[in-house]
Amino acid sequence: MLRRLLQPFWVLLAIIFLIEAWLWDPSRADRGAGGGAIPLRAFKQWLAERVDTLSPAMTLIVFIVPVIPLFRSS
């Protein structure tokens, strides 16, 4: 019974994913034009260089801090 009730939901979700996948490629060109305003590649390089100089314990903290909100919201 529950499976029959959820079937329209799954079909709708599949359609949404198909539309999103279909629109993804054309939108990449648009993001490329405006993406130069934010130097994300340079920031990533700078951040990687900073993380490379950290000790293992500090590196662990850097990667754990973004995960903390996930556990606090549950």
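Select Leu-54, Met-58, Leu-60, Ile-61, Val-62, Phe-63, Ile-64, Val-65 and Ile-68. Together they make a nonpolar surface patch of about 800 Å². The model is predicted, so read every feature on this tour as part of a prediction. Now colour the patch by secondary structure. Helix H3 supplies the largest share, 6 residues.

Val-65 sits in the loop between H3 and helix H4, which spans 68–73. Is Val-65 buried, partly exposed or exposed? Its relative accessibility is 47%, so Val-65 counts as partly exposed. The cut-offs behind that call are under 20% for buried and over 50% for exposed.

**Into H3: Thr-59**

Next, select residues 56–64, the run of helix H3, and centre on Thr-59 within it. Thr-59 has 19% relative accessibility and therefore counts as buried. Buried means under 20%.

What does Thr-59 touch, leaving out residues up to four places away in sequence? Show Val-51 and Leu-54: Thr-59 contacts both.

**The charged pair: Glu-49 and Arg-50**

Move to Glu-49 and Arg-50 and show both side chains. They meet in a salt bridge, at 3.7 Å from N to O. Side chains of opposite charge can pair when their charged atoms come close. How many salt bridges does the count give? The count comes to 1.

Check the exposure of each partner. Glu-49 has a relative accessible area of 39%, so it is partly exposed. Arg-50 is partly exposed because its relative accessible area is 38%.

**The aromatic stop: Phe-9 and Trp-10**

A search of the whole structure for aromatic pairs returns 2. One of them joins Phe-9 and Trp-10, in an edge-to-face arrangement. The ring centres are 5.0 Å apart, with 65° between the planes. Planes over 60 degrees apart count as edge-to-face.

Phe-9 is partly exposed, with a relative accessible area of 44%. Trp-10 is at 52% relative accessibility, so it counts as exposed. The line for exposed is drawn at over 50%.

**Zoom out: the whole chain**

How many helices and strands does the protein chain have? There are 4 helices and 0 strands. Read along the sequence, the pattern is α-α-α-α.

Switch to a surface view. The accessible surface of the protein chain comes to about 7300 Å². Carbon and sulfur atoms account for 72% of that surface. Of the 74 residues in the chain, 3% count as buried. Thr-59, back in H3, is buried by the 20% cut-off.

Terms used
Residues numbered from 1 in each chain as written. Predicted model: local features only at pLDDT ≥ 70, side-chain atom pairs only at ≥ 80, totals over all residues. Heavy atoms only, no water. Helix = DSSP H or I, 4+ residues; strand = E, 2+ residues; numbered from the N terminus. Buried < 20%, exposed > 50% of the residue type's maximum accessible area, 1.4 Å probe, protein only. Contact = heavy atoms within 4.5 Å. Salt bridge = Lys/Arg side-chain N within 4 Å of Asp/Glu carboxyl O. Patch = residues over 30% accessible without salt bridge, like charges linked within 9 Å, V, L, I, M, F, W, Y side chains within 5 Å. Areas by Shrake-Rupley, 256 points an atom, 1.4 Å probe, with all protein chains shown as cover. Phe/Tyr/Trp six-rings, centres within 6.5 Å; stacked < 30°, edge-to-face > 60°.
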